[in-house]
Each structure stands twice: as C-alpha cells, then as structure tokens.
Amino acid sequence: MRVLNLVLHTRNLNQVKYNKEGDLLFTAAAEGIVGVWNAFTGELLGTLEGNEGTVNGMAATTDSRFMITGSGDATLRTWSLQTGENLQKYELGYVNSVAISPDNEYVACAISPIMGFEGSVQIYKLNKETGEISEKPITTLKYDPENKENLGFYGKLGFSYENKYLFVSTNDGSVLRFKLDELLNGEHKIDNYIKVHKEVIMDLQFSPDLTYLITASRDRFSKIIDVESMDLIKTYENMYPLNTACITPIKDFVLMGGGQDAKSVTTTDSKHGGFEIKLLHKIFNNEISEFKGHFGPVVSVAVNPQGTSFTSGGQDGTVRVWFFEPTYFDYTVDISE
Amino acid sequence: MDSVATTISVPEIVKREIVEKDDGTKEIITFSIDPATNLKHKTVQIVKQMVFIERKSSSIDQRHSTWKKYGKEALNTSLEKCCIVDNVNFMIGEKYLESKKLEESSKKDESKGGSVRKCDFCGGNHMKLSCPVRKQMRQEQKMKEQQQMQVEGESKNVSKDGSEIPTWELYNNKNTFITSKLRERLNKNQELIEQGNEPLSQFQFEKLEEDKKTLFISNLNLNVTEEDIRRELFPSNGFTMDKIERVNLVKNKITGASRGIAYVVVLDDEVAEACAEQMNGKGFMSTIINVETLASKNTKKF
C-alpha cells in the first residue's frame with residue numbers, strides 16, 4: 001500500500017478536506033496554517049498564512065477558487081486559493097466550523113459561546129466571482145438557553161442537497177435540521193431534530209450525494225441519519241471514543257478514526273490506544289480492515305471524492321495519505337454464507 | 001553539430017520491410033550500409049502500439065499549469081515536505097481477521113510472560129532447567145547407574161549417597177597405594193564396626209572434615225555484613241584475611257535482612273579451633289557473639 005507522510009504542521013490537526021474534484025487537499029492545524037497540497041503526489045502547493053489562532057473549520061468553494069476559514073482568533077477570513085491572498089477578515093467570535101452551500105450561494109459558520117461571544121449560527125451571502133462574503137449576515141440564529149428545543153451549543157454544520165436544509169450538531173449529542181428558506185426569511189424554527197448521542201458530536205460528514213450524513217461522537221458510536229426523514233439508519237460501535245467518520249464513494253464502506261484522550265495516552269502503550277483507522281462495511285456493519293500508523297488520536301479523516309485514496313490527520317501533527325490497493329476494490333461479500 | 005556529423009557516420013538505408021503480425025505487433029526489418037566501414041547491417045525491431053487515454057478535467061489542468069506556489073513554507077524548498085512510508089500492509093476481509101486472531105493469540109502468550117522462552121533441550125515453552133523431558137532422562141540414567149553398581153556385586157561397599165564405604169576387607173584384596181588419609185578412614189571404620197555401628201562412606205568423611213574447619217557464629221548484630229566479618233572481626237582478633245576461605249551470612253529469603261547467623265570456612269581445623277577459642281564470648285558491634293566449630297556443635301546436639 002502506498003502511503004504518503006505530509007510534513008508541515010507542528011501542532012495538532014483540526015480538519016482535513018478535499019476539494020470537489022479531489023485533486024487538492026487542505027489541512028488545517030492548530031498553529032494557524034492551512035496547507036494546500038496536490039492530493040496525488042503530495043507536493044505542497046501553498047500555505048495560507050495569517051490566522052493568529054487555531055484554524056477550526058474551513059470550506060472551499062466547489063470551483064476550488066476560494067476558501068473560507070474560521071479561526072480561534074475570533075475571525076472569519078476569505079482567501080483566494082490561486083494566490084494565497086487574504087481577501088477579507090471579519091471579527092465574529094470563536095468560530096467552530098464553516099460550511100458552504102453546494103451551489104456556492106451561502107456561507108454558514110457556527111460560533112461557540114466562549115470568550116465573551118454569543119453562541120450562534122450566522123449565514124452570509126457569497127459572491128461567486130470575487131469570493132467575498134456580505135458585510136452583515138443575512139440571518140443570525142442565536143443560541144437561546146431558555147428555549148427547550150435548543151438542546152446545546154452549536155458544533156458542526158452541513159448543507160444538504162439542493163440547499164434544502166441546514167444541519168447543525170449540538171454538543172449534547174443531537175442533530176438539528178433547519179429549512180434554509182425559512183432561515184433566510186428570519187424564521188428561526190427547528191424543523192426537526194434527533195438525539196442520537198450521549199456525548200459531544202465531533203464530526204458530521206455527508207454522503208457523496210448529500211442525502212444522508214454520518215456523525216462521530218466521543219461516546220464510541222458513529223451513526224448514519226437520513227436527511228429527508230431524520231431516521232437513524234445505521235449504528236457503528238468502536239472500542240474507543242471516536243473523533244471522525246466518513247462514507248466512502250464507489251464501495252459501501254465507512255471509515256472511522258479516534259482514540260483515547262490525549263491526557264491518558266501517556267499512561268498506556270500506543271498499541272492499546274485505539275489509534276487505528278477502522279474500515280467497516282456500511283451495510284453489514286462488520287469490521288473489514290484497519291490502517292495502522294498514527295501514534296496519537298486521529299482527529300480528522302476525509303475520503304477523496306474519486307474514491308481512490310483517503311487522508312487522515314492526527315493529534316500529533318502528522319498527515320497521512322493512504323492510496324487503496326486493488327484488493328480494496330475487488331472485495332465482495334458472500335451473502336450465501 | 002557539424003563535428004557530430006563528421007564523427008558519427010549515419011548508415012545508409014537500403015531496404016525496409018514492415019510485417020504486421022496477428023497479435024497486434026509489427027516487425028520492422030531494415031537493411032543498411034555503414035559508409036565509414038562499408039559493413040552491411042540488418043536490424044529487426046518489434047513494435048507494439050499502445051494507446052493511453054488520460055481523461056482530465058479542464059479545470060484541474062488549468063489549476064495545475066497556471067497556479068504558482070505561495071506561502072513561506074511552500075516556497076522553502078530546502079526541506080522535503082512529503083515522504084513515502086514503507087512496509088505498509090493492507091489486508092481486507094478474511095485475511096485481516098485471520099491476522100488479527102494470530103496477533104491476539106501472540107499477545108496472550110506475552111501477557112503470560114514467555115514468548116521469548118525456548119528450551120534448548122526439547123524446544124518447548126519453558127527454561128532448560130525445568131524441562132520435564134530432561135528431568136525424566138536424568139532420572140532414568142541415574143537408575144541405570146545404580147542398577148549397574150548393584151549388578152557388579154559391590155552393593156555392600158556402596159552407601160545410599162552413591163559413594164564408596166572404605167573398609168579393610170575391600171582394600172586388602174586390592175593392589176592400590178593406601179594414603180595416610182585413607183588409612184585413617186579405614187582405621188576409623190574398623191573401630192565403628194567393632195563397636196557395632198555402621199561404617200561411614202567417603203562422602204560422610206569429607207563432610208565431617210569440612211565441618212571441622214567451619215565456624216558457626218551466632219548472636220551477631222543485625223547490621224553486620226559479610227564484609228564486616230571479613231575485614232573487622234577476624235583481623236581484630238589476630239587472624240589475617242587470607243586465612244578465610246569463604247563467609248556466608250544467613251539472610252531472610254524474602255526481605256533480605258540478616259538473621260544474625262554466619263558460617264565461616266577457614267583454611268584448616270587448627271585455625272578453626274584457635275578461632276573458636278579466641279573469639280567465643282567476645283563483643284563485636286555491641287553484641288556478645290558465640291563462636292564454635294560446626295563439628296563440635298553437631299556432636300553437642302547428638
């Protein structure tokens with residue numbers, strides 16, 4: 001198996017992501033640098049420098065011209081991916097995650113209620129040509145502690161297909177669904193919600209066609225939820241707390257990564273920390289394979305949209321690109337047995 | 001370029017044949033004459049045409065051809081940013097499950113504490129000293145030896161510990177030289193037989209002699225070490241260190257603390273008796289110690 005080790009970051013990774021075509025790879029780390037890589041050769045094409053705090057969330061437009069990052073220095077910044085220029089900078093609050101709608105019309109960012117800022121989800125209009133976002137948010141969905149339906153602080157964000165819904169995960173383990181048209185008109189009503197986890201949801205990623213989503217939580221479970229009906233479809237269990245999970249295209253598999261807390265890592269052997277990335281069958285729910293190599297908890301995993309490779313980022317600052325072998329594509333399950 | 005043309009002579013092509021074969025390859029045969037040496041050449045080339053179709057998105061192509069590198073880290077080319085990791089095995093499905101089972105079983109062995117242990121004798125998972133096969137073989141060998149001794153008809157002159165019992169009956173018939181030591185033992189056995197006791201074997205005689213030159217020291221201070229006995233107790237009483245053969249301080253097996261008892265082997269029984277006489281009842285490190293030879297102690301008991 002061909003594996004690339006990308007050496008750039010000195011502190012823990014927060015997110016790894018591919019662009020839509022799968023030729024560019026983005027890595028965001030705690031030292032405030034976003035790396036732009038060639039996803040096939042591992043060549044470093046550029047670094048986005050300027051964030052003064054940890055980069056928590058990032059999203060690239062589908063035409064791979066612009067990028068929006070949310071950082072721990074309370075800023076939301078827009079970048080040109082071609083030149084590495086910082087186009088805009090807004091001071092909003094501690095940004096937890098960023099998402100761009102599939103048609104590049106809107107940008108949503110979740111702000112955590114820490115450092116004196118109010119917890120909220122803000123939606124901006126994105127200019128497709130210049131890559132700039134509107135000065136003031138179209139709408140601000142505020143976190144209301146007295147409202148019973150608002151279950152917890154907002155964490156991760158995601159747009160479903162055709163700009164229909166906006167999904168927001170909360171830190172008490174539930175997934176909220178908002179209708180985007182209603183939100184834009186100023187109606188802040190939760191359309192539907194489901195409580196699936198007991199602890200904080202660390203990751204929320206969509207299937208390639210954006211019709212179902214997968215969550216990963218620190219309570220050791222990963223779950224698949226249907227976008228339209230909000231039903232729980234599948235549940236995957238792991239031995240150790242999970243940080244990330246994603247759905248592979250081409251084959252019906254699921255990748256999960258996680259591991260013990262960093263504070264308890266030193267007390268155990270690296271063999272028993274659960275730092276392997278697990279490959280599960282999406283439908284039959286059994287463990288098929290694992291990828292060993294990280295020496296610390298795996299923070300983020302992303303699959304190439306072409307389905308030929310995936311990338312993992314660890315808490316020790318290592319990024320690995322794993323290219324699948326022919327046996328991966330040939331694997332089939334005998335149902336007769 | 002002119003110099004190249006003059007030095008390397010281009011061969012003149014006379015004839016060229018192209019044959020197409022069934023398996024898609026072409027055979028090109030060319031006949032040529034080298035003008036410099038006037039030699040005729042025949043070259044055969046087998047050519048297979050291969051077509052590679054690379055489908056690329058136009059946006060990707062444009063991106064990778066026109067974009068320039070930016071950022072401090074990317075422009076710094078002195079460090080390699082990407083390296084290939086070797087020896088990564090990928091197993092899927094049943095193969096993976098099998099390998100995992102193997103790993104778990106080996107882990108269990110490790111937790112018991114002995115994946116490294118290997119017996120030299122039989123190759124089992126234990127130390128050589130505790131090898132059951134070796135133990136059994138040794139026992140059988142011993143039994144055989146004892147049986148042989150009995151068969152030889154000298155069972156009367158062999159004691160239970162396997163050593164010889166020296167008597168005058170045995171040595172009168174033998175044409176061997178009798179040393180003074182052996183003579184003493186023979187006389188002693190003769191006395192014992194006349195008194196009606198059992199004669200002693202060679203091993204028991206040796207033990208008795210060893211007992212005579214061994215000192216038994218008790219009521220020692222618990223802080224006394226072997227070095228203290230060697231370097232302070234004996235020299236202070238007028239016996240130099242080279243008269244001591246070995247010192248053995250008795251310790252608790254679990255805690256390692258001294259029990260206040262020591263066995264000291266000295267050069268010969270004369271020194272041992274002198275030591276016992278001089279050192280018995282003397283003070284050493286705030287206690288009064290008892291010193292006696294092991295032989296006298298044993299006779300006291302009986």
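**View 1. Pairing of A:A60 with A:M67 in the predicted model.** A:A60 lies opposite A:M67 of β7(A). Strands β6(A) and β7 (residues 66-71) of chain A run antiparallel and are joined by 5 bridges; two strands pair if DSSP finds at least two bridges between them. Strands (E, at least two residues) and helices (H or I, at least four) are DSSP runs, numbered from the N terminus. This is a predicted model, in which local features need pLDDT of at least 70, side-chain atom pairs count only at pLDDT 80 or more, and totals for chains, interfaces and linings use all residues. Residues are numbered from 1 along each chain as its sequence is written, and chains are lettered from A and ligands numbered from 1 in the order in which they are written.

**View 2. The open sheet β6-β7-β8-β9 of chain A.** The 4 strands of this sheet pair in antiparallel fashion. Because β6 (55-60) and β9 (86-91) of chain A stand at the edges with a single partner strand each, one side of each has no neighbour in the sheet.

**View 3. The contact between chains A and B.** Chain A contributes 29 residues and chain B 23 residues, where contact requires C-beta atoms, placed from the backbone, within 7 Å. On the side of chain A that touches chain B, β5(A) gives the most, with 5 residues.

**View 4. Strand pairing across the two chains.** β1(A) pairs with strand β4 (residues 82-85) of chain B in the antiparallel sense over 4 bridges. Within β4(B), B:V85 is the bridge partner of A:V3. Chain B has 11 helices and 10 strands.

Terms used: Contact = placed C-beta atoms within 7 Å.
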